[in-house]
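Here are my notes on the model you sent over.

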Amino acid sequence: MSAVAAILGSAFHTLTGSLDLTRVEVDTPWGTQPLHRVADAERPAYVLFRHDVPHRLLPNQINYRAQAAALREVGCGALLVTSSVGVLDADVPLYTPLLVRDLIMPDNRLPDGSTCTMFEEPTADHGHLVLDDGLFASALNTQLRSLAHTVDAPIADAEVVFAYVGGPRGKTAAENRMWPRLGAQVNSMTLAPEVVLANELEIPCAALVVGHKYSLPDHDPPEDRAALADTLDRSRAEQEQVVRRFLHEGQPVPFGNRIFRFNDDTDA
């Protein structure tokens, strides 16, 4: 039976106490990757803590290939990736769950400088990832909207364009002005490598993000800090409800893209 999985960041520390999780060590060609299996789910379900538990890894220290390989090893058929993001578009609301529809990653590389691919060396099954449906599976986005409705945690109607801005340093004011001109609406230091590598392994992906600040040099932050903290806590709780419902009731979806392989007559 295919599994579902969610990749969670440090903002989800409270979720660890509300799920019955069992740590599983998965061996991959890129090293051993810990996953956490969710008890009492309708099908096998796993949580992958991006920065480990407790948080110890900077974005550039994450072993992205080991993570993707571990998810394939457990038969992941639908992957939900989460992130707290900076918002680059003043019309995009803060503290509201958002689905990602597209990605800007001009230099397709991992933090170590290597190409962001699972196909490092020539193999019989390597190929080009062809994006027929896109990196973010439309069927999985639809499923997440439905699940969010059942837990009264609405997701914003508009889906956003995500920019991958590798860390660990923050962006300059000039960079914050550049990204929106390229079409980016939100950004973070992770998420993109996870989604690209998972798609190469034919794992359908969706991304659920929440903006925690405006990354616009000329946009004033909210002044009411107490209201800000309350809103942030509420949005995080709503996002956690969606993730929890997905882990317990989420279903795999067909892979909408394809790997073009030169030795495969079906791709000719």
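**Notes on cavities, cores and backbone**

1. By class, six nonpolar, four polar and one charged residues line the largest cavity; Ala, Val, Leu, Ile, Met, Phe, Trp, Tyr, Cys and Pro count as nonpolar, Asp, Glu, Lys and Arg as charged, and the others, Gly among them, as polar. The lining consists of Asp133, Gly134, Leu135, Phe136, Ala137, Asn199, Pro204, Cys205, Phe255, Gly256 and Asn257. The volume of this cavity is about 30 Å³, and the structure holds one cavity of 30 Å³ or more. On a 1 Å grid over the protein atoms alone, a cavity is a set of points where a 1.4 Å probe fits but cannot get out, while a pocket is an open set with protein on both sides within 12 Å along at least five of seven lines; lining residues have an atom within 4 Å of a point. Grid points are joined across faces, edges and corners, and a volume is the space filled by probe spheres set on the points.

2. A word on the basis of these values. This is a predicted model, in which local features need pLDDT of at least 70 and side-chain atom pairs count only at pLDDT 80 or more, while totals for chains, interfaces and linings use all residues. Residues are numbered from 1 along each chain as its sequence is written, and side-chain values use heavy atoms, with hydrogens and water left out.

3. Next, the largest pocket, which holds about 480 Å³ of space. Its lining has 25 residues, and Ser83, Ser84, Ser188, Met189 and His212 lie nearest the centre. By class the lining divides into seven nonpolar, 14 polar and four charged residues. At least two lining residues come from each of β5, β9 (186-188) and β10; strands (E, at least two residues) and helices (H or I, at least four) are DSSP runs, numbered from the N terminus.

4. The largest nonpolar core has 50 residues, of which Leu71, Leu79, Leu103 and Phe162 touch the most other members. Such a core is a set of buried Ala, Val, Leu, Ile, Met, Phe, Trp, Tyr and Cys residues joined through side-chain atoms within 4.5 Å, where buried means under 20% relative accessible area, exposed over 50%, and partly exposed in between (1.4 Å probe, protein chains only). Elements that each supply at least two residues of this core include β1 (3-8), α1 (64-73), β5 (76-87) and β10 (205-214). Apart from it lies another core, of 28 residues, among them Ala45, Val47, Phe49 and Val243.

5. Which residues does Leu79 touch, not counting those up to four places away in sequence? They are Ala5, Ala6, Ile7, Leu71, Leu140, Ala198, Ile203, Pro204, Cys205 and Ala206, with contact taken as heavy atoms within 4.5 Å.

6. Thr82 sits in strand β5 and, at 0% relative accessibility, counts as buried. Its C-alpha atom is separated by 5.6 Å from that of Leu8, 74 residues apart along the chain. With residues up to four places away left out, Thr82 touches Ile7, Leu8, Gly9, Phe12, Arg50, Leu208, Gln239 and Val243.

7. Why is α4 described as largely enclosed by the rest of the structure? Because nine of its nine residues are buried; these run from Ala192 to Glu200 and include Val195, Leu197 and Asn199. After α4 comes Glu202, with a positive phi near 65 degrees.

8. Two other positive phi values are worth a look. Asp40, in the loop between β3 (31-38) and β4, has phi near 65 degrees and is exposed at 71% relative accessibility. Tyr95, in the loop between β5 and β6, has phi of about 60 degrees but is buried at 12% relative accessibility.

9. Please check the cis peptide bonds too. One joins Val53 and Pro54, with omega about -5 degrees, and Pro54 is in the loop between β4 and α1. Another joins Gly167 and Pro168, with omega about 10 degrees; Pro168 is in the loop between β8 and α3 (173-181).
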